[in-house]
Amino acid sequence: MRKHAIQKKHDQCPYCEGKGYFQLLLGGSETCVECCGSGKKRA
């Protein structure tokens, strides 16, 4: 079995991993409040 490492870009948001949203457990999604949905790290 091979493990795949997730490569993180240095400019992506560390909270949502660059997606811009969080997937909720009961369904649906919520915009990341740290990056305002952009997926990029704040300056």
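## Gly28 and its surroundings

Leaving aside neighbours within four places in sequence, Gly28 is in contact (heavy atoms within 4.5 Å) with Phe22 and Gln23. Gly28 lies in the loop between S1 and strand S2 (29-31). At 40% relative accessibility, Gly28 counts as partly exposed, a term for values between the buried class (under 20% relative accessible area) and the exposed class (over 50%), with a 1.4 Å probe and protein chains only.

## Basis of the model

This is a predicted model, in which local features need pLDDT of at least 70 and side-chain atom pairs count only at pLDDT 80 or more, while totals for chains, interfaces and linings use all residues. Residues are numbered from 1 along each chain as its sequence is written, and side-chain values use heavy atoms, with hydrogens and water left out.

## The chain as a whole

The protein chain has zero helices and two strands; helices (H or I, at least four residues) and strands (E, at least two) are DSSP runs, numbered from the N terminus. Of its 43 residues, 16% count as buried.

Among contacts between residues at least 6 apart in sequence, 27% join residues at least 24 apart.

## Gln12 and its surroundings

Gln12 is placed in the segment before strand S1 (21-23). With a relative accessible area of 15%, Gln12 is buried. Apart from neighbours within four places in sequence, Gln12 is in contact with Glu17, Gly18, Gly39, Lys40 and Lys41.
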